[in-house]
Amino acid sequence: MLVVVIDNQIIAPQLVCQACLMADRDGRPRWQQGKLGCGRLIRNLNFCTEPQADTYECQMGFRLVEID
């Protein structure tokens, strides 16, 4: 599941992505097969001993985090 992180808030992507031209027709981020099609991976912390969530930056500049 993807969430948008702004400062110390977690927001549903549908609230942010509806206004984005890169979003899918349902107003959600283009998340396919574990990759964000409308942004880029900015932090992959898989090298840590503790499991960490990947962080992405969308075309609009928002940070998205993949959480389970």
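Hi everyone, let's start with tryptophan 31, which counts as partly exposed at 28% relative accessibility. Keep in mind that this is a predicted model.

What does tryptophan 31 pair with? Its partner is tyrosine 56, and the aromatic pair is edge-to-face, with 5.5 Å from centre to centre and 85 degrees between the planes. The two residues come from distant parts of the chain: tryptophan 31 sits in strand 3, tyrosine 56 in strand 6, and they are 25 residues apart.

Is tyrosine 56 buried or exposed? Tyrosine 56 is buried, because its relative accessible area is 6% and the cut-off for buried is under 20%.

That takes us inside. In soluble globular proteins, nonpolar side chains tend to be buried together. Here, the largest nonpolar core has nine residues, among them Tyr56, Cys58, Leu2 and Val4. Strand 1 and strand 6 each supply at least two residues of this core. Look at cysteine 58 as well: leaving aside neighbours within four places in sequence, it is in contact with Cys38, Gly39 and Leu64.

Now for the charged side chains. How many salt bridges does the structure hold? There are three. One of them joins arginine 40 and glutamate 57, at 3.0 Å from N to O. Arginine 40 lies in strand 5 and glutamate 57 in strand 6, so this pair ties together parts that are 17 residues apart in sequence.

Arginine 28 meets aspartate 24 at 3.9 Å and aspartate 26 at 3.0 Å. Through shared partners, Asp24, Asp26 and Arg28 are joined into one network. Arginine 28 itself is partly exposed, with a relative accessible area of 36%.

Definitions and conventions:
Residues are numbered from 1 along each chain as its sequence is written. This is a predicted model: local features need pLDDT of at least 70, side-chain atom pairs count only at pLDDT 80 or more; totals for chains, interfaces and linings use all residues. Side-chain values use heavy atoms; hydrogens and water are left out. Rings of Phe, Tyr and Trp (its six-membered ring) pair if their centres lie within 6.5 Å; planes under 30 degrees apart count as stacked, over 60 as edge-to-face and the rest as tilted. Helices (H or I, at least four residues) and strands (E, at least two) are DSSP runs, numbered from the N terminus. Buried means under 20% relative accessible area, exposed over 50%, partly exposed in between (1.4 Å probe, protein chains only). A nonpolar core is a set of buried Ala, Val, Leu, Ile, Met, Phe, Trp, Tyr and Cys residues joined through side-chain atoms within 4.5 Å. Contact means heavy atoms within 4.5 Å. A salt bridge is a side-chain nitrogen of Lys or Arg within 4 Å of a carboxyl oxygen of Asp or Glu.
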